[in-house]
Amino acid sequence: MRTLLLSSVLGAAVAAATPGVATAAVTAPARPAPPPKEVYGGAWKSGHVQGIAVDRRAGHMYFSFTNLLVKTDMAGKPIGSVTGFTGHLGDLAFNADDGRVYGSLEYKAAKSFYIAVFDVKKIDRMDMSAEDSGVVSTVYLKEVVEDYTADMNGDGVFDGNTGATPDHRYGCSGIDGVAFGPAFGKRGGRQRLTVAYGVYSNTSRADNDHQVLLQYDVRRWKRYEKPLTQEAPHTSGPAATNGKYFVYTGNTTYGVQNLEYDPSARTWLMAAYKGVKPAFPNYSLFAVDGTARPRVRPLRGQPGGETGKVLPLAPRGERHAATGVRGWSGSSGQYGLVALGRGLYYVVQDGKVTEDGVTKQTARAQLHRWTGAAPNPFTRLG
């Protein structure tokens, strides 16, 4: 090793001293600019903000407004948008490995659930078509469809988009939260896309008290990707997941709205709308230790002694003595949550404005520092 290193040093010195021999300049990768204290996502005639994604090196932020995706710079100036979604576009996640943005996309009436993949480099103008611009491709999630359409009471009837039914396995209402991070129980390695179920609020059943997380290795997903065709939904997608996991939190209202992995803390955060079951604390934020190994255990509330890979909640925040569930009761993050590292997060504040008599939805990504304190672990900066 010493000989090889010495040879390399001497070779570089000789090249630098020899006339006519070019030497390549060594340029360190450009560091991202410090994150601004707030990024305004604009005001749009759309659904409310669902989530954000950030590419700090390129200086871009992406906002999901339910049926609209907006791309801005870090000063909040709009660069482009993708319109025409007739389904529900939810949480977003930036994939540093391929430079694309991934989002949850639901078509409940069509019994179709997808990951929408945005080729964000092509988003360079406003009002680009989700179907015709070549910006959006989609991958079908068979596992989600099977749980959403499960006939749990055996009456042979699909009850549709309602929580007032024993159908929908685990109370699955579709998908929402998405994030990239390592396999559960790993400290690093290949990044996987983690997809969180939406879960119906239903106080009359006991089998809907887990958050359900699916993990996928997306490196070979190109073979599944198809253009978005909303009138004729396709079924091109992986036959199986790379892992299905359960976190016992108590029932929430529509499950994990925003999912985020913080690599500096090796922690997964799950932001939810509070549940209403009186036996649970009904927290709005939960944390999972990303290094904790999943354990195969009986799933509480499931019929027939069903088992699954269970992830424990991290020993942080408030603790509910009766159930052992931990979390934070006063946290935000349901409308957008992104970890920037070193304890910094963007937490999104949703809002409305009226312009020329038209009500529009707004979003402000505001810089916060993680303190872990209860009831709200985030403190706004600036």
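Gly154 lies in the loop between helix H2 (142-148) and strand E11 (172-181), where helices (H or I, at least four residues) and strands (E, at least two) are DSSP runs numbered from the N terminus. With a relative accessible area of 59%, Gly154 is exposed; here buried means under 20% relative accessible area, exposed over 50%, and partly exposed in between, for a 1.4 Å probe and protein chains only.

The model is predicted, and local features need pLDDT of at least 70, side-chain atom pairs count only at pLDDT 80 or more, and totals for chains, interfaces and linings use all residues. Residues are numbered from 1 along each chain as its sequence is written, and side-chain values use heavy atoms, with hydrogens and water left out.

Turning to the whole chain, the secondary structure of the protein comes to two helices and 26 strands. The protein is as compact as a globular protein of its length, because its radius of gyration of 23 Å is close to the 21 Å that the globule rule gives for 382 residues. This radius is taken over C-alpha atoms, and the rule is 2.2 Å times the number of residues to the power 0.38. Along the principal axes, the C-alpha trace spans about 85 × 55 × 45 Å. Of the 382 residues, 52% count as buried. Among contacts (heavy atoms within 4.5 Å) between residues at least 6 apart in sequence, 59% join residues at least 24 apart.

The surface and the charges can be summarised briefly. The protein exposes about 17300 Å², of which carbon and sulfur atoms supply 51%; accessible areas come from the Shrake-Rupley method with a 1.4 Å probe, and for residues only the protein chains shown count as cover. The mean positions of the 44 positive and 33 negative charges are 10 Å apart. In this count Lys and Arg are positive and Asp and Glu negative, while His and the chain ends are not counted. Each charge is placed at NZ of Lys, CZ of Arg, CG of Asp or CD of Glu.

Several buried loop residues are worth a visit. Ser284 sits in the loop between strand E17 (267-273) and strand E18 (285-289), and at 2% relative accessibility Ser284 counts as buried. A polar atom of the Ser284 side chain lies 3.0 Å from the backbone oxygen of Ser331. Beyond neighbours within four places in sequence, Ser284 is in contact with residues including Met270, Ala271, Trp328, Ser331 and Gln334.

Asp209 is found in the loop between strand E12 (192-199) and E13 and is likewise buried, at 6% relative accessibility. The side chains of Asp209 and Lys277 are joined by a polar contact of 2.7 Å. Such a contact is a pair of N or O atoms within 3.5 Å; within protein, one must be able to donate a hydrogen and the other to accept it, and residues adjacent in sequence count only if both atoms are side-chain atoms. With neighbours within four places in sequence left aside, Lys277 is one of the contacts of Asp209, and others among them are Val247, Tyr248, Asn251 and Phe280.

Not counting residues up to four places away in sequence, Val218 touches Asn95, Tyr102, Phe180 and Leu193. The C-alpha atoms of Val218 and Val101, 117 residues apart along the chain, are separated by 12 Å.

Arg266, in the loop between strand E16 (253-262) and E17, has a positive phi of about 50° although it is not a glycine, and Arg266 is partly exposed at 34% relative accessibility. Asp356, a non-glycine residue, has a positive phi of about 50°; its place is in the loop between strand E24 (344-355) and E25, and Asp356 is exposed with a relative accessible area of 82%. The peptide bond from Ala374 to Pro375 is cis, with omega near 5°, and Pro375 belongs to the loop between strand E25 (358-370) and E26.

Strand E26 (residues 378-380) contains Thr379, which is partly exposed with a relative accessible area of 39%. The C-alpha atoms of Thr379 and Arg369, 10 residues apart along the chain, are separated by 5.2 Å. Leaving aside neighbours within four places in sequence, Thr379 is in contact with Leu367, His368, Arg369 and Thr371.
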